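Dear colleague,

I am handing over the structure below, and after it you will find my notes on what turned up when I went through it. Please read them with the coordinates open beside you.

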Amino acid sequence: MQIEPSLYTVKAVFILDSDGNRLLSKYYDTELYPSMKEQKNFEKNVFNKTHKADNEIAFVEGMTIVYKCSIDLFFYVVGSAQENEVGNVIFLTHRKNVERRCLLDNMDGVFLVVDEIIDGGVILESDPQQVIQKVNYRADENPLSEQSVAQVRSYTRTHTPCNVTLHV
């Protein structure tokens, strides 16, 4: 049986803490684990098989899993058994040691980075400098978090409630 090549190489990306609790997850193959319960069971199974291992690649439930541990976090990228380039992504997103608190404090940026690297299971970018440049550009163009709150406060001070419109 010959398998057709595909751009859709990433099945899922998730980050777990040192206890195996989910901090971030994105599943690109909706048929793989369609329910939240199935996803969490898969993540727990992966964590149990990898959290004490020194390897960076595992095969779990017919999936190739590339992972990296950083202080109190585990970064995982899941691909089909035939994939080998999925490994590029995990090392891109994990150049320095990251702590759980830092990750949680910058979760909006983490989502941006993941979205810049992978779109719908397709690896878009593997150059760390390009990803950082794009994420910084997006953050400057579309202010996040505190900047947005400040803008909203400023706007609501100068406009009456009947004149306020929501722009999405």
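To begin with the charged side chains, glutamate 56 and lysine 68 meet in a salt bridge, at 3.4 Å from N to O. This pair links distant parts of the chain, since glutamate 56 sits in the loop between α1 and β3 while lysine 68 belongs to strand β4, twelve residues apart. Glutamate 56 counts as partly exposed because its relative accessible area is 34%, and lysine 68 is likewise placed in the partly exposed class because its relative accessibility is 24%. Please keep in mind throughout that this is a predicted model.

The count of salt bridges comes to six, and two others deserve a description here. The side chains of arginine 22 and glutamate 43 meet at 2.8 Å, N to O, and they too connect distant parts of the chain, with arginine 22 in strand β2 and glutamate 43 in helix α1, 21 residues apart. Glutamate 43 is buried, because its relative accessible area is 2%, whereas arginine 22, at 24% relative accessibility, counts as partly exposed. In the other pair, aspartate 105 forms a salt bridge with arginine 101, where the closest N and O atoms are 3.9 Å apart. These two residues are four apart in helix α3 (residues 100–105), so about one helical turn separates them, and both aspartate 105 and arginine 101 are exposed.

Turning to the sheet, five strands make up an open sheet in the order β2-β1-β5-β4-β3, with antiparallel pairing. Its edge strands are β2 (22–27) and β3 (57–60), each of which pairs on one side only, and from one strand to the next the twist averages 20°.

How much of β1 is buried? Eight of its eight residues are, so that the strand can be described as mostly covered, given that buried means under 20% relative accessible area. On one side, seven bridges join β1 to β5, the two strands running antiparallel, and within this pairing alanine 12 stands opposite valine 78 in β5. Five bridges join β1 to β2, again in antiparallel fashion, with isoleucine 15 standing opposite leucine 24 in β2. β1 and β2 form a hairpin with four residues between them, and glycine 20 in the turn has a positive phi of about 90°.

Elsewhere in the sheet, strand β4 (residues 63–70) is joined to strand β5 (residues 73–80) by eight bridges, and these strands run antiparallel. Serine 70 has leucine 73 in β5 as its bridge partner.

Helix α1 (residues 36–50) lies across β1 (10–17), β2, β3, β4 and β5, running at about 115° to β2. Helix α4 (residues 107–117) lies across β1 and β2, and its angle to β2 is about 25°.

Finally, on the cysteines, the count of disulfides comes to zero. Cysteine 69 is classed as partly exposed because its relative accessibility is 41%, and cysteine 102 is partly exposed as well, because its relative accessibility is 42%.

With best regards

Definitions and conventions. Residues are numbered from 1 along each chain as its sequence is written. This is a predicted model: local features need pLDDT of at least 70, side-chain atom pairs count only at pLDDT 80 or more; totals for chains, interfaces and linings use all residues. Side-chain values use heavy atoms; hydrogens and water are left out. Two strands pair if DSSP finds at least two bridges between them. Axes are lines fitted to C-alpha atoms, for helices over the stretch in contact, and angles run from 0 to 180 degrees between N-to-C directions. Contact means heavy atoms within 4.5 Å. A disulfide is a pair of cysteine sulfur atoms within 2.5 Å. Buried means under 20% relative accessible area, exposed over 50%, partly exposed in between (1.4 Å probe, protein chains only). A salt bridge is a side-chain nitrogen of Lys or Arg within 4 Å of a carboxyl oxygen of Asp or Glu.
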